[in-house]
Amino acid sequence: MGLGGCIILIAVGAILTFATDWDMQGVNLDLVGVIFMVVGLIGIATFSSIARRRRVVMPPSTPVVEEQPHHHHTQDGYHNGYGA
């Protein structure tokens, strides 16, 4: 059951507890609603603890820079690479 299912359980439990006035023989709908809400809260707590454990913190990797031998060319107007 994911996070959405837990939220639905809490919503259905709240509706059964606070928004209905149905009377069923042998069933206390207020108690059923409270049980749904408690189960939904336990599910959210379990889901969040599992999600927190799955999150792996990777240290930032430093890029490896390889030094290439480079030739120093200057372009000063007299030696612009087209001759001596």
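**Labels and their grounds**

Colleague: Why is isoleucine 8 called exposed?

Modeller: This is a predicted model, so the value is computed from it. Isoleucine 8 has a relative accessible area of 54%. Exposed means over 50%, so isoleucine 8 is exposed. The residue is found in helix α1.

Colleague: And what makes leucine 31 count as partly exposed?

Modeller: Leucine 31 has 48% relative accessibility. Buried means under 20% and exposed means over 50%, with partly exposed in between. Leucine 31 therefore counts as partly exposed. Its place is in helix α2.

Colleague: Which residues make the nonpolar surface patch?

Modeller: Ile8, Val12, Leu31, Ile35, Phe36 and Val39 make a patch of about 490 Å². Patch residues need over 30% relative accessible area.

Colleague: Which helix gives the largest share of the nonpolar patch?

Modeller: The largest share, four residues, comes from α2. Both α1 (3-19) and α2 (29-54) supply at least two residues each.

Colleague: How do the axes of α1 and α2 cross?

Modeller: They come within 7 Å and cross at roughly 160°. Angles over 145 degrees count as roughly antiparallel, so α1 is roughly antiparallel to α2. The crossing of α1 and α2 is left-handed.

Colleague: What separates the C-alpha atoms of leucine 31 and glycine 13?

Modeller: Those C-alpha atoms are separated by 8.9 Å, with the two residues 18 residues apart along the chain.

Definitions and conventions. Residues are numbered from 1 along each chain as its sequence is written. This is a predicted model: local features need pLDDT of at least 70, side-chain atom pairs count only at pLDDT 80 or more; totals for chains, interfaces and linings use all residues. Side-chain values use heavy atoms; hydrogens and water are left out. Patches are made of residues with over 30% relative accessible area and no salt bridge: like charges are joined within 9 Å, nonpolar side chains (Val, Leu, Ile, Met, Phe, Trp, Tyr) within 5 Å. Accessible areas come from the Shrake-Rupley method with a 1.4 Å probe; for residues, only the protein chains shown count as cover. A salt bridge is a side-chain nitrogen of Lys or Arg within 4 Å of a carboxyl oxygen of Asp or Glu. Buried means under 20% relative accessible area, exposed over 50%, partly exposed in between (1.4 Å probe, protein chains only). Axes are lines fitted to C-alpha atoms, for helices over the stretch in contact, and angles run from 0 to 180 degrees between N-to-C directions. Angles under 35 degrees count as roughly parallel, over 145 as roughly antiparallel, 65 to 115 as roughly perpendicular and the rest as oblique. A crossing is left-handed if the near helix is turned anticlockwise from the far one by less than a right angle, and right-handed if clockwise.
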